[in-house]
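I opened a new notebook page for this model.

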Amino acid sequence: MGKIAVVTDSNSGITQKQAKEYGIHVLPMPFFINEETYYEDISLTQEQFYEKLEGDADISTSMPSIGSVTELWDELLKQCDEIVHIPMSSGLSSSCETAVMLAQEYEGKVQVVNNQRISVTQKQSVLEALEMAEHGKSAKEIKEYLEETKYESSIYIMVDTLYYLKKGGRLTPAAAALGTLLKLKPVLQIQGEKLDSYAKARTVKQARTIMIDAIKSDFAKRFGDETGANMHLFVAYTKNEEAAMDFKAQIEEALPGCEVEVVDPLSLSVACHIGPGALAVACSKKLLP
C-alpha cells in the first residue's frame, strides 16, 4: 500500500506543533477580526483570540481558501500516493462540501471524510486515520470506516454566558435577557451535524451533573457499553483550563474505571459562538481492532 497523508483543519484542536509530532497536516481556519484576517494557531493564539473576543471585537469565521487546500494537496501528492482529508462537520461549515467538490479533480487520490465531528472528536478521527494508514488501509477504506462510525460520538457543552449566543444571533435578545436574569447555564449538544440545545441548568454544578448523566446515558443506551470500556472520553473548555481539570476529576470519580484521555481547548470556531468559561465532555467509540 502506498504512502497516505492525513490532512485536517484547526477545528480539530490539533496545533501546528502537534501536527508535526503526529506527522499530519493542519489547515488553519481563517478569522476576520475587525476586518483583519487572522489564522488560527499561525497569527492568532488562544490568548489573543479571547482578548479580542472579550474586548467586543467584531469576529467572524470563514473556511480555508480553495487555493490553500489544493496547494497543500498538490504538494503532498508529490511525496504521497493518497490523501485522507478530514474537515470539520459539514453541518457546521461548508468547508467539507467544498473539499468534496475539489477532490473530484484528483481521480480518487484525495478522499474527503464527511465525519460530522469537531474539536476533540474530530481529533480522535484524525488519530484513527493515522492508525489505520499504519496498518495498511487504503485512503478509501479509511474514509468508509470513518463515515460509517461518524455518529458514534457525543459532545455536551455548558455555556457560561449567554452574551455570545445572543451576539451571534443564535438566541433572541428576550431569551438572553431572561436567561441572564435567571442565571441559566445552557447545556448544548453536538451529536453530529448541529449545535443544539440539550438542557438548562441554574448553576455550573448542576450543568456538570447534567453533562455527566448524559454521557452515562449515551454509554448505556446509544453505545451499549455501560462501563465505558470501549469508549474514548474527553474534556474540552474555553479559556478556563483549571475548571476543565477539576471537571476531569469529577467525571473520573463518577465513571469508575474510565479515564479522561484528553483535556483540550475547544476550537476557536466554536468558542466565538459560546464565549469563555464553557466546559464540555465528549466521547467516541474506540476503533475496532
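The expected span of a helix is 1.5 Å times one less than its number of residues. I note at the outset that this is a predicted model.

**Entry: helix α10**

I looked up α10, which runs over residues 241–254 and has 14 residues. At 1.5 Å a residue, the helix should span 20 Å. I then checked its end C-alpha atoms, and they are 20 Å apart, so the two values agree.

Next I asked which residues of α10 are buried. I found Ala243, Ala244, Phe247, Lys248 and Ile251.

**Entry: aromatic pairs**

How many aromatic pairs does the structure hold? I recorded five. One of them joins phenylalanine 31 and phenylalanine 49, with 5.9 Å from centre to centre and 65° between the planes. I logged this pair as edge-to-face. The pair links distant parts of the chain, as its two residues are 18 residues apart. Phenylalanine 31 lies in strand β3 (residues 30–33), and phenylalanine 49 lies in helix α2 (residues 46–54).

Are the two phenylalanines buried or exposed? Phenylalanine 31 has a relative accessible area of 0%, so I count phenylalanine 31 as buried. Phenylalanine 49 is buried too, at 0%.

I then looked at tyrosine 163 and tyrosine 164. Their ring centres are 4.9 Å apart and their planes stand at 90°, so this pair is edge-to-face. Planes over 60 degrees apart count as edge-to-face. Tyrosine 163 is partly exposed, at 37% relative accessibility. Tyrosine 164 is buried, with a relative accessible area of 9%.

I also noted a cluster: ring pairs link Phe31, Phe49 and Tyr50.

**Entry: largest pocket**

I read off a volume of about 420 Å³ for the largest pocket. Its lining has 20 residues. Which of them are closest to the pocket centre? I listed Thr15, Gln46, Glu47, Tyr237 and Pro265.

I sorted the lining by element. Both α2 and β12 (262–265) supply at least two residues each. Helix α2 gives the most, with four residues. By class, I recorded seven nonpolar, seven polar and six charged residues in the lining.

One cross-reference for the page: α2 carries phenylalanine 49 of the pair with phenylalanine 31, and α2 also contributes to the pocket lining.

Methods:
Residues are numbered from 1 along each chain as its sequence is written. This is a predicted model: local features need pLDDT of at least 70, side-chain atom pairs count only at pLDDT 80 or more; totals for chains, interfaces and linings use all residues. Side-chain values use heavy atoms; hydrogens and water are left out. Rings of Phe, Tyr and Trp (its six-membered ring) pair if their centres lie within 6.5 Å; planes under 30 degrees apart count as stacked, over 60 as edge-to-face and the rest as tilted. Buried means under 20% relative accessible area, exposed over 50%, partly exposed in between (1.4 Å probe, protein chains only). On a 1 Å grid over the protein atoms alone, a cavity is a set of points where a 1.4 Å probe fits but cannot get out, and a pocket is an open set with protein on both sides within 12 Å along at least five of seven lines; lining residues have an atom within 4 Å of a point. Grid points are joined across faces, edges and corners, and a volume is the space filled by probe spheres set on the points. Ala, Val, Leu, Ile, Met, Phe, Trp, Tyr, Cys and Pro count as nonpolar, Asp, Glu, Lys and Arg as charged, and the others, Gly among them, as polar.
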